[in-house]
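Dear colleague,

I am passing on a structure that will be new to you, and some notes on what was found in it follow below. Please have the model open beside this message as you read.

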Amino acid sequence: TSMSSFESMSALLPESQWGLETESMHERNYPCHSGIQSYFSAGANMSLSEVSAAAFKRQLYLCMLAQAMERKAAIEMWRTSNVWALLLWQLNEIWPTGGWGSLE
């Protein structure tokens, strides 16, 4: 799963809720903590509890990047198993949230 962009999410949230671990974000479907921690936690000073515009932009970007890396790994795994076709049943999101869509 992935979150929507900062431009979409910030328009719907007060500045005090600009962070992945705020109260509003707990209500937005699927968290992306596991993807970020799997791919990026070995990096310097990774905190998902920060609340600011810069932190929220970084958190959302890393969430989207982790989703892309997960999708890449899944496609590569399917190809090694001779699966050469797949159907993305939910390509886009219908509102700014965390979900299964790949596009806003």
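Which helices are included in what covers the buried residues of helix 4? Before turning to that, please bear in mind that this is a predicted model. The cover over the buried residues of helix 4 includes helix 1, helix 2 (23–26) and helix 3, and the residues that lie buried in helix 4 are Ala55, Phe56, Gln59, Leu60, Leu62, Cys63, Ala66, Gln67 and Ala74.

As for the helix itself, the 28 residues of helix 4 should span 40 Å at 1.5 Å a residue, and its end C-alpha atoms are 41 Å apart, which agrees. Just after helix 4, Asn82 adopts a positive phi of about 65°.

The axes of helix 3 (residues 33–40) and helix 4 (residues 53–80) come within 9 Å and cross at roughly 80°, and the two helices are therefore roughly perpendicular to each other. Where they meet, helix 3 brings Gly35, Ile36, Tyr39 and Phe40, while helix 4 brings Gln59, Leu62, Cys63, Leu65, Ala66, Met69 and Glu70; the residues of this contact comprise 8 nonpolar, 2 polar and 1 charged.

The largest nonpolar core has 16 residues, of which Met3, Leu20, Met25, Ile36, Phe56 and Leu60 touch the most other members. Helix 1 (6–10), helix 3 and helix 4 each give two or more residues to this core, and the largest share, 5 residues, comes from helix 4. Leaving aside residues up to four places away in sequence, Leu60 touches Met3, Ser4, Ser5, Phe6, Met9 and Leu20.

With best wishes

How values were computed:
Residues numbered from 1 in each chain as written. Predicted model: local features only at pLDDT ≥ 70, side-chain atom pairs only at ≥ 80, totals over all residues. Heavy atoms only, no water. Axes fitted to C-alpha atoms, helices over the stretch in contact; angles between N-to-C directions. Helix = DSSP H or I, 4+ residues; strand = E, 2+ residues; numbered from the N terminus. Parallel < 35°, antiparallel > 145°, perpendicular 65-115°, else oblique. Contact = heavy atoms within 4.5 Å. Nonpolar A, V, L, I, M, F, W, Y, C, P; charged D, E, K, R; others polar. Core = buried A, V, L, I, M, F, W, Y, C linked by side-chain atoms within 4.5 Å. Buried < 20%, exposed > 50% of the residue type's maximum accessible area, 1.4 Å probe, protein only. Expected span 1.5 Å × (residues − 1).
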